[in-house]
Amino acid sequence: MRTAYCVETVRSAERELMARLWDGALMQRAAAGLGAACAELLGRVYGSRVVLLVGSGDNGGDCLYAGARLARRGAGVTAVLLAPDRTHAGGLAALRRAGGGVARPGTAEAVIERADLVVDGIVGIGGKGGLRPDAAALAEAAERARAAVVAVDLPSGVDADTGEVHGAAIRADLTVTFGTHKPGLLIDPAREYAGSVRLVDIGLGPELPAEAELEALQHADVAALLPVPGSESDKYRRGVVGIAAGSARYPGAAVLAVSGALRGGAGAVRYVGPAGDAVISRFPETLVSDKGPRKAGRVQAWVVGPGAGDDAATVAEVLAEDVPVLIDADGLRLADRDTVRARTAPTLMTPHAGEAAALLGVAREEVEGARLASVRELAGRYAATVLLKGSTTLVADSAGGPVRVNATGTSWLATAGSGDVLSGLAGSLLAAGLSAVDAGSAAAYLHGLAGRFAADGAPVGAHDVAEAIPGAWRDVRD
């Protein structure tokens, strides 16, 4: 599992560790890892042209010491100093001793244009807001150049704690981060600026608290969550999920939600709604009822809302059930907030950015620009677990704890009905007994992998994604 910690926690851990080490040891560890990553990216260090963008803090010192290592291996290293009077003195002296130089005033952009590699050490993890004009000009020059760009700890101009980007920022091909991941490296929009991320161990782990700010599940973590039927299992022990979805206008939403639930391992699926004929013709194993949720039969969890139109009565009936409930799509609009808050069984809400914005009463752009704050705010307002869909899916619980972040998805998943499949998949995991946080996290992970497997770089539909879920499941467990 990848974990990420906020800046205050990282700073505190660094102080604890530095108190036991010789002066400068932590910076040398960081510089060694950064230098090795840069050398690997270059391939051939000797004769390469490296430009360091150096700010005034320790981030600039890491950059300078790493540059000195590259210079000793034969690279031509030039430092662009954004604050010459406040440059890390030890790092600058080390660079000069190794044969590196400093760009003359007014030549920075020309030097960047000829570089093979640009190393961004402008602002560290404590930076807030976008880059200042002089630094923004260098960021633009680096983006125009053909050089690879490596960010030191975090791309300059992005917010380490939130993943927000307010103004100009460095766009890196590789970010070399130290000690632990920072939330901004895992959450869009900042994640797009980070490129690939490499974590360098500097000995910080023992100083960090057990509970992180963010968690990103990996294959092994998801495999441990997935239910596997035993020798004594029957359809009820595996979990029966109820699907209240679809309408005369949107019967396909019901079909897709049922497909996600069946591919997600549900022992049985009970369907209620006006799309029964469409569902049974596609999935004859579905248990279809026309008597409403309360009389549909035994279920361990409900999914309500996909394609529901204006059927507020069914949404209210499902929310009155004392089992876990997943609310999606139209159900999010129709669900009464006080009713959701009063529920004692788990509730999982699965909005995309537009739906979250409507529930919060803000513009969609505000949600997309502040995804972490938005998912936490929505979870608090509804006293529920919230899965905020997007390029990075976030899962937050109203009780607090680490926010789960998932980036397995692909832009090909931005297709009609894909969210309906995810709802059924997550509902099946709720019915199998997973908590709302675990069900949402595992479903997002599998759904993302299924999207990648189904698409493989080509257009796909939601049906194709559902069909690929078993393959994603096998990939995780193998």
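Q: What makes arginine 404 and aspartate 438 a salt bridge?
A: Their closest N and O atoms are 3.1 Å apart, and a salt bridge asks for a side-chain nitrogen of Lys or Arg within 4 Å of a carboxyl oxygen of Asp or Glu, so the pair qualifies. Before we go on: this is a predicted model, in which local features need pLDDT of at least 70 and side-chain atom pairs count only at pLDDT 80 or more, while totals for chains, interfaces and linings use all residues. Residues are numbered from 1 along each chain as its sequence is written, and side-chain values use heavy atoms, with hydrogens and water left out.

Q: Which parts of the chain does the pair of arginine 404 and aspartate 438 tie together?
A: Arginine 404 lies in strand β18 and aspartate 438 in helix α19 (residues 436–455), so the pair joins parts that are 34 residues apart in sequence. Helices (H or I, at least four residues) and strands (E, at least two) are DSSP runs, numbered from the N terminus. Glu215 joins Arg404 and Asp438 in a network of salt bridges.

Q: How do you know whether glutamate 317 is buried or exposed?
A: Its relative accessible area is 17%; buried means under 20%, exposed over 50%, and partly exposed in between (1.4 Å probe, protein chains only). Glutamate 317 is therefore buried. Its salt-bridge partner is arginine 294, with the closest N and O atoms 3.8 Å apart. Arginine 294 has a relative accessible area of 55% and is therefore exposed.

Q: What makes β2 and β5 paired strands?
A: Two strands pair if DSSP finds at least two bridges between them; strand β2 (residues 49–54) and β5 have five, in the parallel sense, so they count as paired. One of these bridges joins leucine 53 to aspartate 120 in β5. On to the next partner: β5 and strand β6 (residues 148–152) pair in the parallel sense over four bridges. The chain crosses from β5 through helix α6 (residues 133–144) to β6.

Q: Why is the crossover from β5 to β6 called right-handed?
A: The label applies if, with the strands pointing away from the viewer, the path from the first strand over the helix to the second runs clockwise. This β-α-β crossover is classed as right-handed.

Q: What makes strand β5 mostly covered?
A: Five of its five residues (117–121) are buried. Leu117, Val119 and Gly121 point one way, and Val118 and Asp120 the other way. In a regular strand the side chains alternate between the two faces of the sheet.

Q: Why is helix α15 called largely enclosed?
A: Six of the eight residues of α15 (residues 353–360) are buried, so the rest of the structure largely encloses this helix. Among them are Ala353, Glu355 and Leu360. Just after α15, glycine 361 takes a positive phi of about 75°.

Q: Why do β1 and β12 count as edge strands?
A: The sheet is open, with eleven strands in the order β1-β9-β18-β17-β16-β15-β14-β13-β10-β11-β12 and mixed pairing. β1 (2–4) and β12 (287–289) each have a single partner strand, so one side of each is left without a neighbour in the sheet. Within the sheet, strand β17 (residues 393–397) and strand β18 (residues 403–406) pair in the antiparallel sense over three bridges.

Q: How do you know that cysteine 38 is in no disulfide?
A: A disulfide is a pair of cysteine sulfur atoms within 2.5 Å. The nearest cysteine sulfur, that of cysteine 63, is 7.8 Å away, so cysteine 38 is in no disulfide. A search of the whole structure finds zero disulfides. Cysteine 38 is also buried, at 1% relative accessibility.
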